[in-house]
Amino acid sequence: MTHDSPAIALLGPTASGKTACALALASVLPVEIISVDSALVYRDMDIGTAKPTADERAACPHHLIDIVTPEQRYSAAQFRTDTLRLMDEISARGRIPLLAGGTALYFKALREGISDLPQADPELRAAIDRDAERLGWPALHARLAALDPAAAAALEPTDAQRIQRALEIVELTGRPLAESYAQREEGGIHHRLLTLALAPSDRAVLHARIEQRFDAMLAAGLLDELRDLRTKYRLDPALPSMRCVGYRQAWAHLEGEDDYATMRFKGIAATRQLAKRQLTWQRQFRENWADLEELDCLDGALTGTVLERARRFVGV
């Protein structure tokens, strides 16, 4: 299936103003927002994910928010399948898909295809988790290094989620991770795409925004939200939902590992590191995607610029 229907992609680091720009577009164009955020998929995780409010979500249709529980996993492959379907459905309604979010891996999977990797193996994954609990993740990192030195070299010894998945893939396929990732599905966007990327002209200003937003989350009840989640669901700190920035640090505080000040410091630092990684991905996209246009997210005229680019693109 191919067609010339327009779609808009709006990406950028955390606290760069994506939500405000998306809602501004929704006020003048018939868009439906597809969330490109690996944290917004989780139900009941509202404060720590900066999830759009009920009023914001009422302004236009939103998709891929609150679709799994914090106990479940949601992959880039699932995102790609869901999003390609949604884009076609939205266009068939005569509306415009607006892909908005900061999860770069999701954007990459959507535009470039995704590696043909084996599905998660619950038994193998449980065995890896048991070994990690007994030996520690650095020991599992060493195991990965023995099987696939290149894969281990790219990971921190404490990066539990990625070490687990790398071991799983290597043990299931019997080949290095790079070989598995080299086998990619064909990309599948059938739309004419406008890609706008937000980036700060001054990192210090973005860092100040991140600090203010994390403090606002704490004031809004992030710790209480996590307490409620731990009561409602069967959670552990190794789950992807609980490894989200903010929740990971709050979990350590509730377990008595860090005092409040340390938790706050680590949460802000981790969010800044997240923004740094997002901008690194974005720099790679800029090199590989000829259509990407980067805009200064600190420019006071940002919203107007986004509206002007989008209107010109769709021809209104």
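Student: What volume does the second largest cavity have?

Tutor: The model is predicted, and the volume of its second largest cavity is about 50 Å³. Its lining is made up of Arg73, Asp129, Trp137, Ala160, Gln161, Gln164 and Ala238. Helix α8 (residues 160-173) supplies the largest share of that lining, three residues. Sorted by class, the lining of the second largest cavity holds three nonpolar, two polar and two charged residues.

The count of cavities of 30 Å³ or more comes to two. The largest cavity has a volume of about 60 Å³. Around it stand Leu11, Gly12, Pro13, Gly101, Gly102, Thr103, Ala104, Phe107, Gln278, Trp281, Gln282 and Phe285. Two elements, α4 and α13, each give two or more residues to this lining, and α13 has the largest share, with four residues. The lining of the largest cavity has six nonpolar and six polar residues, but no charged ones.

The largest cavity can also be set against a database record. In an unreviewed entry, UniProt lists Gly12, Pro13, Thr14, Ala15, Ser16, Gly17, Lys18 and Thr19 under "binding site". From this set, Gly12 and Pro13 belong to the lining of the largest cavity. Gly12 sits in the loop between β1 and α1 (18-28). Because its relative accessibility is 3%, below the 20% cut-off, Gly12 counts as buried. Leaving aside residues up to four places away in sequence, Gly12 is in contact with Lys18, Gly101, Gly102, Leu198, Gln278 and Gln282.

Lys18, also on the UniProt list, is part of helix α1. With a relative accessibility of 12%, Lys18 therefore counts as buried too. Under the same exclusion of sequence neighbours, Lys18 touches Leu10, Leu11, Gly12, Pro13, Gly101, Gly102 and Leu198.

One lining residue leads on to the packing of the model.

How values were computed:
Residues are numbered from 1 along each chain as its sequence is written. This is a predicted model: local features need pLDDT of at least 70, side-chain atom pairs count only at pLDDT 80 or more; totals for chains, interfaces and linings use all residues. Side-chain values use heavy atoms; hydrogens and water are left out. On a 1 Å grid over the protein atoms alone, a cavity is a set of points where a 1.4 Å probe fits but cannot get out, and a pocket is an open set with protein on both sides within 12 Å along at least five of seven lines; lining residues have an atom within 4 Å of a point. Grid points are joined across faces, edges and corners, and a volume is the space filled by probe spheres set on the points. Ala, Val, Leu, Ile, Met, Phe, Trp, Tyr, Cys and Pro count as nonpolar, Asp, Glu, Lys and Arg as charged, and the others, Gly among them, as polar. UniProt positions are given in the numbering used here, feature names are shortened, and annotations may be inferred rather than shown by experiment. Buried means under 20% relative accessible area, exposed over 50%, partly exposed in between (1.4 Å probe, protein chains only). Contact means heavy atoms within 4.5 Å.
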